[in-house]
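I am opening my notebook on this structure.

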Amino acid sequence: MYLRKLETKDAPLMLEWMHDESVVAKLAANFAAKTIDDCRNFIAASQKDEENLHLAVADGDDTYMGTVSLKHIDRAAGTAEFAITVRTAAMGKGFSHFGMDSILKMGISELGLSAIYWCVSPKNARAVRFYDKHGYTRITEVPVEILSAYPADMELIWYIYQ
């Protein structure tokens with residue numbers, strides 16, 4: 001398994017997870033409304049996006065298994081937000097852990113970030129178990145610049161990687 005740039009050929013498998021209720025049920029966005037063109041447009045935009053880094057997690061046959069991202073990269077503040085989604089076919093096979101570990105380390109060592117944040121709804125038990133199982137650090141104090149993108153009344157569990 002490895003990380004690579006997203007490619008147009010990934011669009012059908014990206015749409016697969018977007019339309020998989022078991023994957024998106026606890027996510028905030030309405031992925032069920034996405035189309036193959038939305039996926040292609042996202043992939044094309046990711047190629048020239050300097051504020052966000054979106055990469056594919058691929059298997060040994062170069063099959064797209066999911067997307068890992070560093071979003072809202074703020075080089076001056078040294079921060080970014082992390083996101084991950086993988087296909088059902090990738091779950092329980094190490095792709096999530098590999099992708100997450102790889103992009104977090106890349107953010108610190110290659111992009112020079114000092115802190116990477118992410119949040120999850122406490123209702124997303126699968127994600128909470130995953131983050132806790134792998135020893136990621138929960139936090140209660142999050143910079144206002146990061147929090148401002150989320151509704152104040154939204155219940156979230158926050159994590160940091162430094």
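**Core**

I looked up the largest nonpolar core, which has 27 residues, and noted that Leu-70, Phe-82, Leu-104, Trp-118, Tyr-131, Tyr-136 and Tyr-159 touch the most other members. A nonpolar core here is a set of buried Ala, Val, Leu, Ile, Met, Phe, Trp, Tyr and Cys residues joined through side-chain atoms within 4.5 Å; buried means under 20% relative accessible area (1.4 Å probe, protein chains only). At least two residues of this core come from each of β2 (53-58), β3 (64-74), β4 (79-86), α4 (95-109), β5 (115-120), α5 (125-133) and β7 (157-161). The largest share, five residues, is supplied by α4. Helices (H or I, at least four residues) and strands (E, at least two) are DSSP runs, numbered from the N terminus.

I noted that the model is predicted: local features need pLDDT of at least 70, side-chain atom pairs count only at pLDDT 80 or more, and totals for chains, interfaces and linings use all residues. Residues are numbered from 1 along each chain as its sequence is written, and side-chain values use heavy atoms, with hydrogens and water left out.

I then checked Tyr-159: beyond its neighbours within four places in sequence, its contacts (heavy atoms within 4.5 Å) include Trp-118, Tyr-131 and Tyr-136. Another core, of 13 residues, lies apart from the largest one and has Leu-6, Met-14, Val-23 and Ala-56 among its members.

**Sheet**

I traced an open sheet of seven strands with mixed pairing, in the order β1-β2-β3-β4-β5-β7-β6. Two strands pair if DSSP finds at least two bridges between them. β1 (2-5) and β6 (137-139) are at the edges with a single partner strand each, so one side of each has no neighbour in the sheet. I also looked at β4 and β5, which run parallel and are joined by three bridges. Glu-81 has Tyr-117 in β5 as its bridge partner.

Note on methods:
Buried < 20%, exposed > 50% of the residue type's maximum accessible area, 1.4 Å probe, protein only.
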